[in-house]
Every structure is written in structure tokens, then in C-alpha cells.
Amino acid sequence: MSYSLADELRMRAESEIALLFTLRPDLISPVPPDMSALAARANSMPSVMRARDALNKWEIDILTAICTLGDPISRMEVLSMTSKDAKPAVLSLWQRALIYKDGEHYRVPSNVRVAIGEHPAGLGPTTTKKIDFSLLEEAPKGATDLLQRMVWGPPKGQVTDVKKAPPAIKWLITNNFLIPFDSQTVLLPREVALHFREGKVFKELQAIEPTITGTSRKQKDINLAAIANIGTFIRWCEELAHNWSDEPPVGLKSGGLGVRDLKRTSEHLGISESCAAFVAELLFIAGLIVIDTDDQIMPTNAFDIWLTRSIEERWHAIASLWLETSRMSGLIGKTENKNISALGPELDRAGVSLIKRNTLELLEKNLELDPSIDSVNICIQWLTPTRANSDYVEWILREAEWLGITGQGAISSFGIALLNNQDLGIETALPKPVDHILIQADNSAIAPGPLTIELANAIGTIADIESRGGATVYRFNEASIRRGLDHGQTGNYILDFLKKTSKTPIPQPLEYLITDVAKRHGRLRVGNAHTYLRCEDEGLIAEILHDKKLEPLQMRKLAPQVLVSDIEINELMNSLREAGYLPAAENATGVLISAPLIRRAKSRPKPPRVVSEISIPTQAVINSAVKALQAGEKASSHKPRDIPRTTANETVELLHQYIEERVRLTIGYADTNGGVSNRLIDPLSISLGTLVARDHATGEITHFRIPRITGVGVANE
Amino acid sequence: MSDGPLIVQSDKTLLLDIDHPLSDECRRAIAPFAELEKSPEHIHTYRLTPLGLWNARAAGHDAEQVVDTLLKYSRFAVPHALLVDIAETMSRYGRLRLEAHPVHGLILVSNDPAVLREVTRGKKVAPMLGLQLDDETIVVHPGQRGFLKQALLKLGWPAEDFAGYVDGQHHEIALREEGWSIRKYQSMAAEGFWHGGSGVVVLPCGAGKTIVGAAAMAHAKATTLILVTNTVAARQWRDELLRRTTLHEDEIGEYSGAKKEIRPVTIATYQVMTMRRGGVYAHLDLFDAIDWGLIIYDEVHLLPAPIFRFTADIQSRRRLGLTATLVREDGMEGEVFSLIGPKRFDVPWKEIESQGYIAPADCVEVRVTLTEEERLNYATAEQEDRYRFCSTTLTKRKVAVALARQHSEDQVLVIGQYIDQLDALGEELGVPVIKGDTPVKERERLFNLYRAGEIKCLVVSKVANFSIDLPDATIAIQVSGTFGSRQEEAQRLGRILRPKADGRGARFYSLVARDTVDQDFAQNRQRFLAEQGYAYRIIDADEVLSKE
């Protein structure tokens, strides 16, 4: 009897299982109860596909070559079909449990073959018939050419009618060089193709990662550029959130941000729409903005907290999320997918994070290099052949630059630190904050460097920002001064503050502007009042105001004939009636209620989940998983009497194997009353949780429910 | 990180710290590609515009030089995206070329057929083009050179113009430097213009723009058409040319409402050029009367619309625009640049002042408090009459008169907008009033008397806003103006900026009615000068009146 994958996994050392979990982290969540469950999961289609996607081109090619052989497979065979250098790749495939050992040989789990495809490397099915290649010498005209054309796949050929095929094809069919598949299709047998491929599966194999090329840069310049990018990016984030706080865009019905709002935002920030979409996406992912219950898109409380942190912490909070996210903001607004909107539900793409990490690691391996996009693409194509996407690579490089992970296109030391969870060192690289401004005669003020947060906030309330960058240019005008006064400052306070903060004397026109505005500010008074009470009889007004019973209403006298209160109209009316007055309600229009200055969403932050990305578990998690697995294994190693009892997962695994090997089986099958009977069957296929097999007792094709199969064994012939 | 004088902002403005030891060097380095936007006391603002970058390309600078300069002087790291953008913008220049073709006349050529295809698809461009000769060449309809260049500029594919300029009819002109010599900035401006072919020279009022014009003529040595704002200015130009160049009286013609002379050097007024008879511009033919080698537009910021249109037709002639204040409240600055040519020379006012070529000026805003009654009337006035009402109040007049009397020893100009107000002021002060309906002869007589010092004070309307050369005027009192016009304020200050024989400074009073629209307009009016570093002092009218 041959080994199953579960058997082989049982024989692996603890460290090898741990390695498997590191290479295929999806197998560990949740921790499988025992080895059979692990084997079943490792052979499940989603997990196999994921494992395949993590392979580089070289490994995939070797796996494909292995799949062209039937089980069991000898290592020599694999090496001779591919290359002598394939040993490490074979080892790596084994470590990932994409192949497993059976004594000296290897076997391929059934779903791995499915994942590689029906025609691995463009090779057709094997044939049982004998092929005499010496016959080819006397083949009719055109026959060899025809074969040559099919050698590198696809192995299928179309003819109008196999029975009336031209003589060359007829001859090939007769001599088993082609197999008729149906009336219009012929197949090239694997053996024939391999003969013409001279025993090799692939024309050429690339065992080594391609190198990337580009312009070389100096690390000092890179870091300078990156710091500029980081500063700019943080500013974009702040500016966008502040802007959306003032004018919140309304989310689309289908979810996400409308094109017009995106355009407006990009114009406001002075950046391209793709860049604005990128900034918005990251703020969204970080939970700094949210689509509120009323569909308004607004900053959250988390944004206020974020603002209080240092630049380094702010950047790290966002950049680390960018590394993990499965959302690809480059897709937004592309002509071919018009309805994909920023913050919308359609941005998740499998493999984004993998390509991102690979791309950045490439940059990390090539320090001081601003690579050409083409060469990175070629490299990514090799690293992740099944997932590579040249658009993604271009967008990732672009986004890395916006974020400041790269500077001048090459990876910055901050980017490297981010990738390796090290101390970022951004704070020290940032230009020193300045604590003063220069005020000029044209009522502008210039902060010749980044301002401390407190100072920036203080000036921001009394001046408008005209230009941003390394420095900030502010302009004082009537509206901006008024804003400061609205925030509760006084004219004198503003003047003192400016005198203290400005390195240059305050020009007289500005001083006048501030005093003038301060003088006029507040001459008109606006307040909140819920209800008013008016009466032409001033005596009655006075009476109400002094009525002890009405004291809880806390009414205020605005004018001899008008009182106001903060109490709801119904409550006020009731209280007045109880006190013996006879009030009548009035159409209550014209009461101004001004909105709060800074608006925040009422909902809590709910950033989108990361989809289809599984992070690599820590060593501790892996170790405890291995322990749990071994415990489970002991518990389930209880053997049944006749046919070894297997779990449903194991059953499926075994059945797959036996179907492949076309072996006659005895199975234990539980009936509806729980009684177990043995059946002798020829398994045919598995579908929808049932085994399709020919039952020897009846001689008919029968469906067996897999959960009711208690065990599977090879029938003794 | 270097500690340079320059801060590069992400909105493409450059802030130059002029107190930095390297600021002078840096200013010279960035001048070829960055446009000076404002120059107050401490930090000057320059801006990188596509036009400026393309001009730098045209002058032989490449993107690498520009980027190097920015990196060299920058205090902080320069955003990479901005550098990429500069390189990208500059690389667009010269992909299209306008060339002269022996058979087809003017042709548009590009080595990049894709670019050519892109621009020929443009709705505005297509009608200006004729037959496509091959993938890289298209015939341009004659006379469309100016419009085509303008349209291509808007599309972001500026054409390099190799078609050249016509030399025009040769006429010998040279500077006659006897008892005076051309200043360095003047000759730099003239040379900057000459190498560029066409363009605008911006110099402060009183800094001698006429001499730049004369120097340009000496470079061209060809027949010249000079367009000026009014007849008085035309005569000043003539006098100045006679004094500074080898030209004789009979070589200079005046083409105005009074005379219609066409001579090798002809000075025409905008007014006569835009005069219409029977719906057609009767005098535009002057542009074709002689094969002009050079056309000078004085006070180019005032260029009227018909001249704009006509200028587009004469792109093969060299054009020089002169102005002190290229700000237009109608936002047409861009049109001026694309039709006359780019800014070739600009220098901060304070820079010229520090060299002693214009007088230092003290700008004073006098805040006048209206009486209770005036305030009430103001509050109830119609919206459109409010400015007129508050700027012509009796209180203001009293203050103006008091100020004029206090400066009875100096040469004083009282400038205003409203004729009744000016007449009243003239009467009260007992001095002549010059306004729109004053005949040219009378104007000249009065100005001459004023220059001679026989009249100490003149009341003038906006006719004296521009081009009037009154070297000894030291005090200007502005009582009202054209609402919030920034250039008017600057031009009026310009009347008193000629350096004084005794080195005295000038003083500019602007009377503003407190808490009215006058104050809002004043704030806008002062912006240009404030940006040039003229800090206004504010005093209260009571201070003036108490001295009485």
C-alpha cells in the first residue's frame, strides 16, 4: 500500500511542519486538529492555489514538469526532464507539501495536479499504445511538420472530420502519433511531444531571478527626496481630511466617492486624481475618514488623535497599512473600469500585498537604484508568475514614491526600516521645526520651515494658507482675523501673539486690520435658543420671569417683550399651562442655529477588512500549532477492526489517490440505522460529497455519501 | 541639508530669503526661469510657470540646469515630483517648430508625428493649418502665426519660432550719450528684449522706460512705431527721443487726434488707433503704412482690445511692451504675454530705489472719520453710489486741503477720480485743475509751469495717471480713484518717484474714509505696492487737522 499525504506528514519532523506553516500560513488558521485534517486542508483547492501563487517561475516550472509524470515519481526522472539544478526547487516544493515522499519516490496530491492544469507545459495525455518512432522516417509529406507544430502545445488539433482527415493525419493516427479525441479533435500524446522535446519539458528554464536595471542614485539624495515626499504626503492627508470636514462629500449609492468629488479634492490639493484617490483610500483604510450613516464622508475622531502624534508615528500608521492592504487604489478612475470608485467596495484584488512585498524587497536588494518599470516587471513576472500584473507594479512603484518609501525612485532608509519593523528615524531627518514667522507689509506671513504643531494651529486660526511646502505662506485678511475672533481670541490677544511670534515688526496696516475687525466683531450678537416667548404686555413678561414655578425653565429676557428658553416647545407650553398661563404656539421659523465649527462623523471608524491576505504567523504561534496537532494526532490514532477507520477528510484523500490508481476497494459503509457493512467497489469519481463507484454486489453504479464511509482499504484480489 | 536662501514650495512658488548672504547670487540664478511675483521686505516670491520654463528653454537653458539651480540653493529637500514636472514641461518645448519655407511660406514642423497629430486635431488649431506636406510638416495659413502660437501654447505644446522677424525698413538710430549715460539695468533690459526678439520689459515708474525704448530702437536701427496712452505722453516721448538719440525733429512724427504725420519714427496714441468711423477702425492701416522694424507699446498694461487683435496679425515684427505694473484687474496679463511676448526683464522696485534711480517714497494712508450725518447718508445710499459718496465727502476735502497747505513749500499733486470733487478742491486751493476736457495745449502749458516751479500745486484727474513726467513732484495726495485698481495706485505713486535733485524722498498720501467701502478698495489698491515692499503708514486725519 502506498502512502497518503497524511501518512507522510506524520513522518515529518516538528521543524519541517513548522516550516510548512511558515511557507503556507493559511494552513494554520485555524489550527488543524490532526495530520489528516492538515493533509486534507493542504490538498484543498483554495490552499493549493494559494501555495501555487507563492511559487516563483522556476519552482512552478519544476512542479509542472513533475506533474507531467505519473505517481510515483523518481527524483532522477525529474532532474533529467528539467535540469540538474532543480534539486533545491524540488526540496522547496516538498517543504510546501506540494509533493510528498513515498519511500525513494515522490507523489503529487490530486488537487495540485488539478491546479497545474490538464495539459501541464502544453503536454497531452499519455498513451498506452506503443509508438515506433522509426516509422517517422517514412511518414507522408507534411506529417512531421504537423507534429512539430503541436510539440510545444497546445496538444490539441482541430480537423473537420477525423474519419475524412487528410492522408498525413490519417497516417499519424494509424501509427499512434495522434489520438483521436472526438470527431473533430486529435491529441498529441505526451510521449510523442517529449520525444520531439528531446526529453525536456521546457525549452528553457530560468533558475535565477532576473536582475533589475535603472538609474543609480545616492542614498543621501534618496533620503532627502523621501523625506520631502513623506512631509508632502502627511500634508496631503491633513489637508484632505480638513477639507472634507468643511465640505463633506456625499458617498455614492453604490458605495465610495463620486468622480466629481474626487476631481474637486484633487484640484484643492493640487495633485492628480489618482494621487488624491490614493490619499483618500489610505485615510479610509486607516479609519481616519469614514462614510457616515448619512452617507457623508468625514474625518473620524481617530483623525484628531492621529493629528496629535509625531510625523513619524503618523506616517507609520498609514504606511504600514499600505503594505498589508488588498485594496489597489490604482484601479480608481481607469477608463476600462469606470465605475470603480475610491472608498468603494470593488478595490480588493488578490495578490496585491504579495506583489507589493516582492516589489519592495526587490528594491531593498538593489539599493541606490531607481529601477526601470520594465525590468521590475520582468522580475516580478519571474517571482510571482501567476499573480504578476504590470499595472500593479507600476502603481505600486508610484505609490511608494508618493508615500516616501522611495525617493527619486530608489528605496529610502525609511522604507527599509518600515519593511523590517525597525526604528524609522524620520523625526531626526525632518527639518527642524521653527518657532517664528516673518510678517511682511502685504499682510502675508511666512514660516520659513515646518512650524511646531501648536504654532501651526494657532496661526491657522487667524490666517489663510496661501502656499505650502518646506515653508508655509499665510495671508491675513478680514475673514481670517474674524475666524480667530470667532474662536474666542481678542484683538489684543492676536496682536500680542503675533508680536511674540514674528521675528519682524508687525506692519501698521495689519495692526489696524486686526483692531478694526476686533472693533466690529461682536457688535451683532447671535445665539442659540430653542423657543421664544413673546408678549406685548411687558408686565406679564416680568411676571413670568419672576414666577418661582417657572424657574426650572431658565428663561432669559432678550428684550422687554421677548423671553427665550432652551426647553422644547411642548415642554415649555405644558409648564406654562400648569403654572396657569394660556400660551399659544407660533409658527417657529426664523430661529437661527448655527452648525458646530468642526464636524466629525457620528459613527465609529470602520476601515475595510484586508481580504485574501494572510500574514505569516509568528514562530510562537507555529510552535503551539505543531504541539496541538501532535496531541490531536494521538487521539485519532485509534485503529478500527477490519478496515482502518478514517475521518471524512482522510477518506476523501485516500479515495482521490485510489481513483487515480484505479484500484478495487473495500469500504465500510454505515447504513441509516448505524450498522456498518463492507462493500467491494471500483471507485470512479468524487462529486458533491459523494463517491461514485461500481458496487460489485449489484454491479451497478452507486453513489456513496462520504461522511458515511467509515474506512477505505484496498481489496485483496 | 544645505542652508540655502531658497524654499521651493510644492505649488511651484519659490520663496527667496533676501536677508541670506547668498540671496543675490540665487536671484540671478533663478531669474532666467522663474517669474518674480512679489518682492516685499523679507521674502521675495517667484513662481515657476510653464511659460517661464519655456522661455528659459528658448534662451538656451535646459532642465538639468534648472533642477541643479533649485537643488543648489534650496533650503529643504525639493519634492521629486516637482523636479520631474519641470523636466517634463521643459521637454515639451521645441517639439513643434514654426519655420519659413521657400515655397509654402510658413510651415509647422515636428520630428514627432504623434505630437503633430495631437495638435492638428485641436478644434482651435485645425482651421489655422493648411495642407499637410508629410508626416512632419504642415503649412500654416499666412497671418495665423500669432494666433497659432497662442493656441499651441494653450494646448501645452509651445512652438519654437524659427520663422524669424522681418527687419523692416532700415533707419539709422543711435543713442547719443552726451551728459548722461544709460544705466546698467536699462541696457540689460534692452538687450534682454533684443535677444528674445519680442517681449515685455517691466520697470518701476520713473526708472526710465523711455530710454529702454530708445536703446531698443538703437538695436533695431529700423523704422519704429510707438504706441502711447495720450498726446501729452506722445510729446514727452518725442522730446525724450530728441534728447537721447541721434534722431532729428523731422524724423519723428506724431499720429494723434491733432496731427496725422507718418515718419520713420511715428508716435501714435491708443485713442486714435481705436477710433472708429462707420463701424471700422479707421487708423489701423498705420500698422502697414511703413515696413516697421519695431513696434513699441508704452504702458502695455493698458493695451485696448482692438490693438490686441491687430497685434496678433503682426507677429513677424519685433514688439516691445513697456510697463511698470503688469497687473490687470481683468486678468488679461496672459494675453499680453502671448501676443507681445514674454516678460524679458523685471526687477524689484526696492532694488532700483536702493541704487538711487528712483526716489524713496513714504506711503501714508490717512484715515478720515466721516461725520455722523455723512455716515447716515452713506448708509442709506444706493449700493453703486456708495464709493462715490464716501470718497467725495466734505470731510475728506478738508483734510486734502489741509495737507496741501502744510506742503506749500513742495511740489504737490492732488489726484482724484471725480471731476466735481477736483473742481471744488481746485477752487478752494486756488490752483489750476487738469482734467479730460482740458485742451492738450493748456495741459502742456500747465505742466511746463509746474516743472518750472512756477506753480506749486496742481489738481489732476486720471488723465495724469500715466506717462506724465513731472520730475520735481514730491507730494501726491490721492482723494479718490478707480475703485480697487492696483495699477492705478502704483502709477500714481510713480508720478513722484523721479529722483529729486536734492535727494529728498517722496510722500504719497491716500485719503481713505474709515469704515466704508473706500477702506476695502484701498486695501486692494495697496496690494501691488505692498508686494513691492512699500509699507503703508496709517495716520488719523485728526493728526493732520490738528497741525492747522
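Where does A:Ala97 lie in chain A? The legends below start with that residue.

**Figure 1. A:Ala97, a loop residue with a positive phi.** A:Ala97 sits in the loop between helix H7 (87-95) and strand E1 (100-102) of chain A; helices (H or I, at least four residues) and strands (E, at least two) are DSSP runs, numbered from the N terminus. This is a predicted model, in which local features need pLDDT of at least 70, side-chain atom pairs count only at pLDDT 80 or more, and totals for chains, interfaces and linings use all residues. Residues are numbered from 1 along each chain as its sequence is written, while chains are lettered from A and ligands numbered from 1 in the order in which they are written. Phi of A:Ala97 is near 60 degrees, a positive value in a residue other than glycine. Most residues other than glycine have a negative phi, and most peptide bonds are trans. A:Ala97 counts as buried because it has 27 C-beta neighbours inside 10 Å. A residue is buried if 20 or more other C-beta atoms lie within 10 Å of its own, exposed if 12 or fewer, and partly exposed in between, with C-beta atoms placed from the backbone.

**Figure 2. Two further loops of chain A, at A:Asp295 and A:Pro30.** A:Asp295 lies between strand E7 (289-291) and strand E8 (297-299) of chain A. Its phi is positive, about 75 degrees, although A:Asp295 is not a glycine. Because 13 other C-beta atoms lie within 10 Å, A:Asp295 is partly exposed. A:Pro30 is found in the loop between helix H2 (14-23) and helix H3 (35-42) of chain A. Here a cis peptide bond joins A:Ser29 and A:Pro30, with omega about -5 degrees.

**Figure 3. The largest nonpolar core, with A:Leu283 among its members.** A nonpolar core is a set of buried Ala, Val, Leu, Ile, Met, Phe, Trp, Tyr and Cys residues joined through C-beta atoms within 7 Å. The largest one has 128 residues, and those with the most contacts inside it are A:Ala280, A:Leu283 and A:Ile289. Helix H12 (residues 219-246) of chain A provides the largest share of this core, 14 residues. Leaving out residues up to four places away in sequence, A:Leu283 touches A:Cys237, A:Leu240, A:Ala241, A:Leu288 and A:Ile289; two residues are in contact if their C-beta atoms, placed from the backbone, lie within 7 Å. A second, separate core of 118 residues includes B:Leu320, B:Val336, B:Leu339 and B:Ala490.

**Figure 4. Where chain A meets chain B.** In this view, 27 residues of chain A are in contact with 29 residues of chain B. On the chain A side, the elements that give two or more residues are H12 and helix H25 (508-520). H12(A) gives the most, with six residues. By class, this side of chain A has 13 nonpolar, eleven polar and three charged residues. Ala, Val, Leu, Ile, Met, Phe, Trp, Tyr, Cys and Pro count as nonpolar, Asp, Glu, Lys and Arg as charged, and the others, Gly among them, as polar. For the complex, the predictor gives an ipTM of 0.82 and a pTM of 0.70.

**Figure 5. An open three-stranded sheet in chain A.** The strand order is E3-E5-E4 (chain A), and the pairing is antiparallel; two strands pair if DSSP finds at least two bridges between them. At the edges are strand E3 (156-158) and strand E4 (179-182) of chain A, each pairing on one side only. E4(A) and strand E5 (residues 185-187) of chain A pair in the antiparallel sense over three bridges. Look for A:Asp182, which stands opposite A:Thr185 in E5(A).

**Figure 6. A hairpin in chain B, from E3(B) to E4(B).** Strand E3 (residues 35-38) and strand E4 (residues 43-47) of chain B pair in the antiparallel sense over three bridges. B:Lys38 stands opposite B:Thr45 in E4(B).

**Figure 7. B:Leu175 and its contacts.** B:Leu175 has its place in the loop between strand E9 (159-161) and helix H7 (184-196) of chain B. It counts as partly exposed because it has 19 C-beta neighbours inside 10 Å. B:Leu175 and B:Thr245 are 70 residues apart in sequence and 4.2 Å apart in space, C-alpha to C-alpha. Leaving aside neighbours within four places in sequence, the contacts of B:Leu175 include B:Ile182, B:Ala214, B:Ala218 and B:Arg244.
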